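Colleague: I am new to this structure. Can you walk me through it, feature by feature?

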Amino acid sequence: MAKIPGRVKALLLAGGLGTRLRPLTDTVPKCLVPVLGRPLLDFWVDRLAEAGIDEARVNTHALADQVRAYIAGVNSEGWVHLVESHEPVLLGSAGTIHANADLADLADQIVIIYADNLSDIDLRPLLDFHRSHKDPFTMVLFRAPNPRACGIAQLDAVGRIVSFIEKPDQPAADLANAGLYVIEASAYREIAALRAFDLGFDVLPRFVGRMRGWVWGGYHLDIGSHSALEQARGDAVRILSARRDPRTPQLRPAVFLDRDGTLIEHVHYLSDPAQVRVLPGAAEALTRLRRAGFVCVLVTNQSAIGRGMITEARLHEIHVEMNRQLAERGTALDAIYFCPDAPAGDDRTVIENSKRKPGPGMLLQAAIEIGLELADSWMVGDLISDVLAGLNAGCRSILVASGQTPLSGLEAHSSTGSYLTASNFAAAVEMILDLQGTQR
Ligand SMILES: [Mg+2]
């Protein structure tokens, strides 16, 4: 059966729970975990746009409202149209195909993508390859460093897959399933009719002998764990920043800053706008950062709200006064994020929830909402929890001595990771501008 370069649609499998990425995935769905300040799913939307695939289904499950908002944002840009396929109960990869069986009526070929992976694959030569052979199924393969954890394929002389074993005890090869397939509509219908759960275990073995392998020699990583995510964030600068994505605006670097003891005078449980005093030199430092192209984002723990000591309305009044004083000095913040939760313990190095510093949640949220390049960004604050929030978000950090940590205490936490120290925010900004454009 000859294939035509016909209509292509995609199915993005994005409903995974990401349990090994907790606590991050308690508040951010796995498919939106940021890499280089961009949600993971964004890289796949770019790949689709690049290949001219203009429509994809996205299955959702946990934190679906966030994915829904993301989908609306992508749709408003007009490059790729995403359609949500919600699963109140996870259906499994093959179950999602069954639930989206109608895709076979809308397309001649369907590209199925596990959106948990970070990859720089080019889908265009993959589609060319798929159309060049007569089998109804093409599986993308990559050389896995850990074949026992993967589905392993063996190819014959023409590239047909003659054996496929999910997580073999004794792998015969290292060519692993990349979680990316091109399937003819006829085969897609066949899979949908099986009403199976998992593609790897229940479906792929049935296609042995009538599917081809296409080896991708570029970058491919399953972001399933914190260590993989950290690796991806490090690799992404090198691998993906070289690719220009047509639909992607340039991401900007940010300086995240703490409020009390960093931007304004530290007052124990500040509760009255009359107590707000911007620290000397801080407003001028903000101006310098903004002129140098940094987005300035305040991230503040406000446990006084969680403890019932102030209301959100009162916090707002305090920030209105702070902004008024900044405006008086001719400057402003770009955004303010706060976490109202009261802590359960008193160890400032422990992440109790991802939003409260030292958790990276506020920084990650800002990166998604504003479009920030976290690898080029900084966090400045007067507590070890500030420094760690920055490091946990993939930023560089500076601890300042203008608040609750005296100069003599600056080195006390050197075991927690590498960060710089400065006497105050203005001195930290001097360092940031000196180091701008350098690698960590
Ligand atoms: Mg502080």
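Modeller: Gladly. Keep in mind that this is a predicted model. Let us begin with a pair of strands.

Colleague: In which sense do strand S18 and S19 pair, and over how many bridges?

Modeller: Strands of a sheet pair through backbone hydrogen bonds, either parallel or antiparallel. Here S18, residues 396-400, pairs with S19 in the parallel sense, over three bridges. Look at Leu 399: its bridge partner in S19 is Thr 421.

Colleague: What is the order of the strands in the open sheet?

Modeller: Six strands form the sheet, in the order S16-S15-S14-S17-S18-S19, with parallel pairing. Strand S16 (335-339) and strand S19 (420-422) each have a single partner strand, so one side of each has no neighbour in the sheet. From one strand to the next, the twist averages 25 degrees.

Colleague: Which strands does helix H14 touch?

Modeller: Helix H14, residues 384-392, packs on the sheet and touches S14 (254-257), S15 (295-301), S17 (378-381) and S18. Its direction makes about 170 degrees with that of S17.

Colleague: Now the whole chain. How many helices and strands does the secondary structure come to?

Modeller: The chain has 15 helices and 19 strands. Its radius of gyration is 25 Å, close to the 22 Å that the globule rule gives for 440 residues, so the chain is as compact as a globular protein of that length. Along the principal axes, its C-alpha atoms fill a box of roughly 75 × 40 × 40 Å.

Colleague: What percentage of the residues is buried?

Modeller: Buried residues make up 47% of the 440. Then consider contacts between residues at least 6 apart in sequence: 73% of them join residues at least 24 apart.

Notes: Residues numbered from 1 in each chain as written. Predicted model: local features only at pLDDT ≥ 70, side-chain atom pairs only at ≥ 80, totals over all residues. Pairing = 2+ DSSP bridges. Helix = DSSP H or I, 4+ residues; strand = E, 2+ residues; numbered from the N terminus. Axes fitted to C-alpha atoms, helices over the stretch in contact; angles between N-to-C directions. Contact = placed C-beta atoms within 7 Å. Rg over C-alpha atoms; globule rule 2.2 N^0.38 Å. Buried ≥ 20, exposed ≤ 12 C-beta atoms within 10 Å, placed from the backbone.
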